[in-house]
Amino acid sequence: MTEPTDPPRTVVVTGAASGIGYATAELFRDQGDTVFGLDISPSVPDAVTYVECNVGDKAAVDAAVARCAESGRIDVLANVAGIVQFGRFEQITEAEYDRVQDVDLKGPFFLIQAALPRIRAAGGNIVNVSSVAGNKPQGYSAAYSAAKGGLTQLTRALALELAPEGIRVNAVCPGTVDTPLVQHVAEIFPPDLDPRVMDRLMMMLPGKAISPAEIGQSIVYLASPAARMITGAILAFDGGMS
Ligand SMILES: NC(=O)c1ccc[n+]([C@@H]2O[C@H](COP(=O)([O-])OP(=O)(O)OC[C@H]3O[C@@H](n4cnc5c(N)ncnc54)[C@H](O)[C@@H]3O)[C@@H](O)[C@H]2O)c1
């Protein structure tokens, strides 16, 4: 945990109504930051300001970022919102493919473009939540793997482009984290597919599953002054899956 700053930092967390985003928003809040939670669902933690936003909708993102930046600055942007998709490649509809790209890849693109002037003004930084699937793709989730691979490379490319300005851009790549997103995987994973893919999803170091707060702590760390020399990092948080 970092020391409270004066004035408090303004932190924007997408996907703050559930799982990793919820835990991350709580952690930033608990260290004294002013936290805005952008989501399509309002169930963000207490004392986190909810801003309704579909991250795949550029106009909605622009309006939400303007609301968060009323203080004139954004110190941290954590792009956490995401959705998964499972199924045979040939059965992915265009609408399904677009939806995954819109939320998982274009969402961070829209958020970063909208927030960058305020991040620049604040000397702030960006943390994206990609996935183990962005480093080592998995079968039957081509749209998700493509989106997360894109997000990982977007992170690296932006880290290079923004380094001269001192703006850091990093990513966390979780393996299987105990959140609603994976609690429902078994239900949406078609039963006729190769079960080894499901086995791999569950393949981690022995012990407890990764908790959302553990991923949140790594996001808080990467966003903190303690990580001031870290940019372009793709932090695999997957118990060895990748
Ligand atoms: N849980 C895992 O095992 C795991 C593994 C690797 C990567 N991830 C990534 O972590 C991130 C968070 O996942 P999670 O497990 O906490 O999931 P989750 O389902 O618990 O939470 C996702 C949040 O994103 C929000 N969201 C969905 N679509 C949105 C949209 N269009 N606009 C705004 N908000 C939207 C949801 O309402 C929800 O609050 C995702 O990017 C996911 O791909 C998760």
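Helices here are DSSP runs of H or I with at least four residues, numbered from the N terminus. The structure discussed is a predicted model.

With three residues, α6 gives the most to the shell around the ligand. The elements that give two or more residues to this shell are α1 (19-30), α5 (142-162) and α6 (180-183). The shell has 28 residues around the ligand, of which S18, D39, Y144, V177 and T179 come nearest. By residue class, the shell divides into 16 nonpolar, ten polar and two charged residues.

| Residue | Part of residue | Distance to a ligand oxygen atom |
|---|---|---|
| D39 | side chain (N or O atom) | 2.6 Å |
| Y144 | side chain (polar atom) | 2.7 Å |
| G175 | backbone (polar atom) | 3.1 Å |

On its own the ligand has 820 Å² of accessible area, and the protein covers 92% of that area. The space that the ligand takes is the largest pocket.

**T155 in helix α5**

Helix α5 also contains T155. Is T155 buried or exposed? T155 counts as buried because its relative accessible area is 0%, and the cut-off for buried is under 20%. The side chain of T155 makes a polar contact of 3.0 Å with the side chain of N128.

Terms used: Residues are numbered from 1 along each chain as its sequence is written. This is a predicted model: local features need pLDDT of at least 70, side-chain atom pairs count only at pLDDT 80 or more; totals for chains, interfaces and linings use all residues. Side-chain values use heavy atoms; hydrogens and water are left out. A residue is near a molecule or strand if one of its heavy atoms lies within 4 Å of it. A polar contact is a pair of N or O atoms within 3.5 Å; within protein, one must be able to donate a hydrogen and the other to accept it, and residues adjacent in sequence count only if both atoms are side-chain atoms. Accessible areas come from the Shrake-Rupley method with a 1.4 Å probe; for residues, only the protein chains shown count as cover. On a 1 Å grid over the protein atoms alone, a cavity is a set of points where a 1.4 Å probe fits but cannot get out, and a pocket is an open set with protein on both sides within 12 Å along at least five of seven lines; lining residues have an atom within 4 Å of a point. A molecule sits in a cavity or pocket if more than half of its atoms lie within 2 Å of its grid points. Ala, Val, Leu, Ile, Met, Phe, Trp, Tyr, Cys and Pro count as nonpolar, Asp, Glu, Lys and Arg as charged, and the others, Gly among them, as polar. Buried means under 20% relative accessible area, exposed over 50%, partly exposed in between (1.4 Å probe, protein chains only).
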